[in-house]
2 protein chains.
Amino acid sequence: MQKEATKKNERVVEVFDLFVKHIQSFFDEAKLNHEEYTNFVNWADRLGKTGELPLFADVFLETHVLRSMYTETPGTQPSLLGPYFIEGSPLIEAEADQPFVLTQRPDEAGEILYFKGNVSSVDGHPLSNVKVEMWHNDTDATYSAFDSVAPRYNLRGHFYTDENGDFVVKTIKPTPYPIPTNGPTGEFLEYAEMHPMRPAHLHLMFEAEGHETLITQVFPDDDEWLENDVADGVRLDLLTKFEDKGEYLEASLNFVMRKK
Amino acid sequence: MQKEATKKNERVVEVFDLFVKHIQSFFDEAKLNHEEYTNFVNWADRLGKTGELPLFADVFLETHVLRSMYTETPGTQPSLLGPYFIEGSPLIEAEADQPFVLTQRPDEAGEILYFKGNVSSVDGHPLSNVKVEMWHNDTDATYSAFDSVAPRYNLRGHFYTDENGDFVVKTIKPTPYPIPTNGPTGEFLEYAEMHPMRPAHLHLMFEAEGHETLITQVFPDDDEWLENDVADGVRLDLLTKFEDKGEYLEASLNFVMRKK
């Protein structure tokens, strides 16, 4: 234990040293004068106090971390976790020959969506009993538990793949939405003349023994915001057709998990 | 106006782009995995929400900005403004042949200090009527208006240099103190195995027409924390002897301001 603690400590020191070093090279290259320094720190202070720092980090930095780690490796590309995941979603039980039904209100608005997935390992074998966590927004473009009138776990839940690695889940089509614009992150977007929109997406997280947890998103391939997602979360292998079947939409995607 | 706004805007975009670029190179070099990324963002979120972000920035970054801008230029070295400056300090009036008396309680504890200064321009001329803002901590090691029982403007005030650029102010000797250790900044110090102490110092800010505002600090040359000030604010030309005159201490320093 002692040794592990020391090792962890050294890693933390290493990370902090690099953080300070790179922030200092930012100051060196930006050549901020004292007034600009003060303005910048005030902006960062507001970002911090309003609790928007994780939002800013997830939108402008997380995707960069993921790209630099995964672009070249086989398996489904991860996308950002984002700030709207919460722990403790309900387990959705399988009923014989029926799709899982994602937690929703009896009168949930929106187009019904059947989403089919298959989960396999990079070695080609299907993965059964994989825990699939799913969450997305509603037609008000809000996530439950975040400025939403819906119950805490609305449009959230987890379930398990069957013996072939398959699952089918019934939910509604998610909605494109703007990230919050009334705080310091919005100021940043305004300065940078960027729109705040994200394309519609399902969030999915897969956990399987012996494999890296896969956190990713699925996008309808005809969304108008795909080309310039503010959070840069779109990857080509995460697009799929949301096919109009009259009464409902149908979409599917296969997911490939990396071994640990 | 329109043109100025556009120019300011371009500068802000430039600064933000550089900020994101350098933070991304931090992530690249640190090779954070997703868990480390999450831990790091959580730490930064706590730093932000507790309002410690300016403290962290001032202690670990501001001094670097100042060093890189001023080390090679003539004139008194600036030191950090720090998080304890507040606007609106009282004007201290001159009484004939008497020193200014910094705002203090009738029973203010501490060694009496007479501090003498002279302010001149880099061209060698004395600067009269320079606004001198002064603030420092008390023997409890606290700054008024920050976790202190003292009145809001205790040991704070401003006054003006005389026709020769001179001033004398009566106050008490400041106290070495630890920066706050019970929050995320303290966590950082613990990881980095750094003590939290700053040497005793007077804060001074000089404003004179046609000159850059000079924000700096003055340190007793025998303070035990000079060598490893946690905020790295010490500069050799900011040290002076606090001479024991029996009933009181006496110290002096000359300040040289840069032209705009």
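1. Let's start with a word we'll need: a residue counts as buried when its relative accessible area is under 20%. Keep in mind, too, that this is a predicted model. With that in hand, look at helix 2 of chain B, where the buried residues are Tyr37(B), Phe40(B), Val41(B), Trp43(B), Ala44(B), Asp45(B), Leu47(B) and Gly48(B). Here's a handy thing to know when you read a list like that: an α-helix has 3.6 residues a turn, so residues three or four places apart point the same way.

2. How far apart are the ends of that helix? Helix 2 of chain B covers residues 34–49, and its end C-alpha atoms are 22 Å apart. At 1.5 Å a residue, its 16 residues should span 22 Å, so the model and the expectation agree. Just past the end of this helix, have a look at Gly51(B), which takes a positive phi of about 75 degrees.

3. Now bring in the other chain. The axes of helix 3 of chain A and helix 2 of chain B come within 11 Å and cross at roughly 155 degrees. Angles over 145 degrees count as roughly antiparallel, and these two helices are therefore roughly antiparallel to each other. Their crossing is right-handed. On the chain A side, the contact is made by Leu53(A), Pro54(A), Ala57(A), Asp58(A), Leu61(A), Glu62(A), Val65(A) and Leu66(A). Chain B brings His34(B), Tyr37(B), Val41(B), Ala44(B) and Asp45(B) to it.

4. Rings next. Counted over all chains, there are 56 aromatic pairs. In one of them, Tyr84(A) and Phe146(A), the ring centres are 5.0 Å apart and the planes sit at 80 degrees, so the pair is edge-to-face. Tyr84(A) lies in the loop between helix 3 and strand 1 of chain A, and Phe146(A) in the loop between strand 3 and strand 4, so the pair ties together parts that are 62 residues apart in sequence. Buried or partly exposed? Tyr84(A) is buried at 13% relative accessible area, while Phe146(A), at 28%, counts as partly exposed.

5. One aromatic cluster takes in residues of both chains: Phe16(A) and Phe19(A) are in it, and among its chain B members are Tyr37(B), Phe40(B) and Trp43(B).

6. Finally, step back to chain A as a whole. Its secondary structure comes to four helices and 12 strands, and its C-alpha atoms fill a box of roughly 65 × 45 × 30 Å. Of its 260 residues, 50% count as buried.

Terms used
Residues are numbered from 1 along each chain as its sequence is written. Chains are lettered from A and ligands numbered from 1 in the order in which they are written. This is a predicted model: local features need pLDDT of at least 70, side-chain atom pairs count only at pLDDT 80 or more; totals for chains, interfaces and linings use all residues. Side-chain values use heavy atoms; hydrogens and water are left out. Rings of Phe, Tyr and Trp (its six-membered ring) pair if their centres lie within 6.5 Å; planes under 30 degrees apart count as stacked, over 60 as edge-to-face and the rest as tilted. Buried means under 20% relative accessible area, exposed over 50%, partly exposed in between (1.4 Å probe, protein chains only). The expected span of a helix is 1.5 Å times one less than its number of residues. Axes are lines fitted to C-alpha atoms, for helices over the stretch in contact, and angles run from 0 to 180 degrees between N-to-C directions. Angles under 35 degrees count as roughly parallel, over 145 as roughly antiparallel, 65 to 115 as roughly perpendicular and the rest as oblique. A crossing is left-handed if the near helix is turned anticlockwise from the far one by less than a right angle, and right-handed if clockwise. Contact means heavy atoms within 4.5 Å.
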